[in-house]
Amino acid sequence: MEHLFASTYGYFRADGREYVITTPFTPRPWGNVISNSDYAMMVSQTGSGYSWRNNAGQNRITRSFQDLIQDNWGKYLYLRDLDSGQYWAATYKPTCHQYDHYQVRHGLGYSSFEQIVQGIHSILTVFVAPDDPVEIFQLILTNQSDRQRRLDITSYVEWLLGFAPDEHREFHKLFIETTPEPEFHALLAHKYLWGFADELGRHNNIDWPYVAFLAASEPLKSFDGDKESFIGLYSSLEHPQAMQQPTLAGRSGRFGDAIAALQVEITLAPGERRTVVFTLGAALQGSEDPLALIQRYTSVAASDQTLQAVHAFWSRLVDAEHVETPDPALNLMTNYWLKYQAISGRLWGKSAFYQVSAGYGFRDQLQDCQIFLVCDPALAKRQILLHAAQQFVEGDVLHWWFSIRGGGPRTNCSDDLLWLPFVVDSYLQETGDVAILDEMVPYLNGPAEPLYLHCKRAIERAFSRFSPRGIPLMGDHDWNDGLNAVGTQLRGESFWVTEFLYTILERWIPLAQQRSDEAFAERCTAVRTTIRWAMNRYGWDGEWFLQATTDAGLPLGSQQNEEGRIFLMPNIWAVISGITDQQRAWQAMQAVSRYLLCDYGTLLNYPAFTRPRSDIGYVTRYAPGLRENGGVYTHAATWSVWAYALLGDADHAYEAYRRICPPNRSADIERYKAEPYVTPGNIDGPQSPYFGRGGWTWYTGSAQWLHRVATHWILGIRPQTEGLLIDPLIPATWERFTVRRTFRGAIYEIEVLNPNHVNRGVISLEVDGQPLAGTVIPAFNDGQTHSVRVVLG
């Protein structure tokens, strides 16, 4: 089997759907975030991780603490040879036992751990059922020795059952009760306390409304529900007291420190293979029966069927679009991993190794839902309407909100509210579904109105926040949260918000006209004209555009600045928005290329701040080169690809993409450290001693955008109101590429040929064998497959 982008630690399988890790000793935990949109788990290459339902902060099921160095919190299976007394785990953690073979396969919706220890070959596959709040541990054991082996298998799960982290553990453990269910080979857990108040506002006065369970497919040899008797006082999970005893202690009830440990025993003849299944889940009391879920999933046959369902589930989401280009890194990420990361990790799991999220960011998951536009636009629509309901009648929105019981901060952030009209327009371009504008959505403090009016109110709210010079105010911050002291007195300006608003107005003026909202269209036109003038008058710094001015009127992102002299966002969005003329657009991007485009992507600013500045914000408090302070902030770096492409600069567009495309980092993986199969939130910049180090993987908005710039701006397949535009901007060395994607009820199989080795320029286009004038393919809406042949020259 071909190994793609092989490194010391692993490789992509040839079909791209798995990343294979060949050692537990990766430079950082290399994990998988697995979710079915309700129930989620994450697991690292050592077998550590935790589980949650809907919300990793408000509804954690198993316990964990962030520790990427030790990576030693998890749900584990111990294997013990009953004749020798020796024991190990089905994963490297927690016992860290010597192995003869170790391999981990992270796939779409599952992870599989294979190892050989003392003649026992084990394959542990963990996954989440597509339609129920259940995760499954399928353990396949094979006796490769020449003698009969008696083994017992012991699970270990530590219950949390509620808010995380549980800082008052000694208090919270008093409210958990564990109950054995011998007939079902299971242990149940209730908690008589959740962190919420009751309907009368009385704190600590309601139950956790779920029943957690751990079950086994084999009859139980023994069980334990108490951490103290399992681990032993002052001992550890590496060497638990339970592994020195013939059976588990059998404790349960309300007076221990709640865990779930189930022990089963099997005998394997030489060469014999046997499968044992464990299930873990959380059933909602009153509507879901934990025992019924146990019966449905806790068998060998059920685990096999469910794993096949997992494959089908993710195939539906990722295979609606498929690209084949001469760039294998682009293919791997675009076809599989960026979609999977954005959906499973960012939209559904809403949590990862570097960040535990207790809900939705207004701008965050709203942008991310664009990943659904090709595979399932209904899911994007659902996300849009969910976000619109977090708006106030005044037009502003919650910066983020809890996904359970709602609530969040109402701020003066200047860009959050504008992402609603931006993403609604993306949805309209892809689907043509203008009926969404008439969907009735309530406000947080008012009755329902059509979605169109939600977007209009957001834009009008932005109109109310202008400086005397006609530049939008920064407020609490703009897209760059770290600029959280620039404009809190509502005097500082954001030149990036100026460009962002300019972009949105261009798209919404025709929508207002189509709905005969002439007064709004005229106002948008007038504002757009005004801010274009103001931006070019006050935002141009001679060679590039300013980022902002502070409340005191000081420039930020200016040649006058010793630190933070140039910022990426206002310069790439000057191009994206079209707010300036061609000469300044080129000048701005020349500055980006000179100062910001580095070996590992496009820096967010340069030089980094070395001293905290209380008039700018916490961005200056990072060490220089970290994250937003002079690092490659991957989300913004993807937009540099977009900007270069708009200028027709194919070489820089492709370089800006290639340098942040994760598989390409396999060649210097010791420096990069992060998983090469998902995007990082950031990469250390040149002022860091660890220049090129990736971090904050999985939970980042860069996954969806890296996918989008590859398909829309490099491959150049872009939805428009009137159809599907074909406008590639590719390396001249490419001879051809293909794209298969759905679009408005039809399938388009597009082949692009480049016989003259150009970067750009469609000279002929055929649809179903017939020549088509122009470069926009109509929307057929006929449920059929259409063949498209494009020749560049």
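Modeller: Gladly! Helices (H or I, at least four residues) and strands (E, at least two) are DSSP runs, numbered from the N terminus. The model is a predicted one, where local features need pLDDT of at least 70, side-chain atom pairs count only at pLDDT 80 or more, and totals for chains, interfaces and linings use all residues. Residues are numbered from 1 along each chain as its sequence is written, and side-chain values use heavy atoms, leaving out hydrogens and water.

Biologist: Where does Gln 103 sit, then?

Modeller: Gln 103 belongs to strand S10, which covers residues 101–107. The protein has 18 helices and 43 strands.

Biologist: Why is Gln 103 called buried?

Modeller: Buried means under 20% relative accessible area, exposed over 50%, and partly exposed in between (1.4 Å probe, protein chains only). Gln 103 has a relative accessible area of 16%, so it counts as buried.

Biologist: Which residues does Gln 103 touch, leaving out those up to four places away in sequence?

Modeller: A contact means heavy atoms within 4.5 Å. By that rule Gln 103 touches Tyr 11, Val 20, Ile 21, Ser 112, Phe 113 and Glu 114. For the whole protein, take contacts between residues at least 6 apart in sequence: 66% of them join residues at least 24 apart.

Biologist: How do you know that the radius of gyration agrees with a compact globule?

Modeller: The radius is taken over C-alpha atoms, and the globule rule is 2.2 Å times the number of residues to the power 0.38. For 793 residues the rule gives a value near 28 Å, and the protein has 28 Å, so the two agree. Along the principal axes, the C-alpha atoms fill a box of roughly 80 × 65 × 55 Å. Buried residues account for 64% of the 793.

Biologist: What makes S40 and S43 a strand pair?

Modeller: Two strands pair if DSSP finds at least two bridges between them. Strand S40 (residues 762–767) and strand S43 (residues 785–792) are joined by 5 bridges and run antiparallel. In this pair, Glu 766 stands opposite Arg 789 of S43. S40 also pairs with strand S41 (residues 770–771) in the antiparallel sense, over 2 bridges. There, Val 767 has Gln 770 of S41 as its bridge partner.

Biologist: Why is the pairing of the sheet that holds S40 called mixed?

Modeller: Strands of a sheet pair through backbone hydrogen bonds, either parallel or antiparallel. The open sheet has 6 strands in the order S21-S38-S39-S43-S40-S41, with mixed pairing. S40 and S43 run antiparallel, whereas strand S39 (residues 746–753) runs parallel to S43 over 7 bridges. Ile 747 has Thr 785 of S43 as its bridge partner.

Biologist: What makes S21 and S41 the edges of this sheet?

Modeller: Strand S21 (321–324) and S41 each have a single partner strand, so one side of each is left without a neighbour in the sheet.

Biologist: Is Asp 768 called buried, partly exposed or exposed, and what about Asp 71?

Modeller: Asp 768 has 40% relative accessibility, so it counts as partly exposed. Asp 71, at 10%, therefore counts as buried. Asp 71 also has a positive phi, of about 45°, although it is not a glycine. Asp 71 is found in the loop between strand S7 (60–62) and strand S8 (76–81).
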